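Here is a short report on one chain. Look at the sequence and the model, then read on.

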Amino acid sequence: MSSTPDPQPARPAAEADRPRPKPRLVFDDPLDQQSSDDTDRGWGERPPAGGSAADLARFLDEKPPHHI
């Protein structure tokens, strides 16, 4: 008589004794939370670096092509 291998890998004893936690349902209002679009970073703004060298680098990076 042949035995088939167990399809699931064996878990450690400590983990096998503990039941898996169920996913938590959250009934909060999603409009109360701030999204990434509500921040300057979400719109692609850089955090203020300070200093004239950083300002010049930003100006040169964001300069329109007609301002050569």
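A salt bridge is a side-chain nitrogen of Lys or Arg within 4 Å of a carboxyl oxygen of Asp or Glu. By this rule, the model has one salt bridge. The side chains of arginine 58 and glutamate 62 form it, at 3.3 Å from N to O. Side chains of opposite charge can pair when their charged atoms come close.

This model is predicted: local features need pLDDT of at least 70, side-chain atom pairs need 80 or more, and totals for chains, interfaces and linings use all residues. Numbering runs from 1 along each chain as its sequence is written, and side-chain values use heavy atoms, without hydrogens and water.

Leucine 60 lies in helix α2, residues 52-61.

| Residue | Relative accessible area |
|---|---|
| Arginine 58 | 31% |
| Leucine 60 | 46% |
| Glutamate 62 | 47% |

Leu56, Phe59 and Leu60 make a nonpolar surface patch of about 310 Å². Such patches join nonpolar side chains (Val, Leu, Ile, Met, Phe, Trp, Tyr) within 5 Å, or like charges within 9 Å, from residues with over 30% relative accessible area and no salt bridge.

Terms used: Accessible areas come from the Shrake-Rupley method with a 1.4 Å probe; for residues, only the protein chains shown count as cover. Helices (H or I, at least four residues) and strands (E, at least two) are DSSP runs, numbered from the N terminus. Buried means under 20% relative accessible area, exposed over 50%, partly exposed in between (1.4 Å probe, protein chains only).
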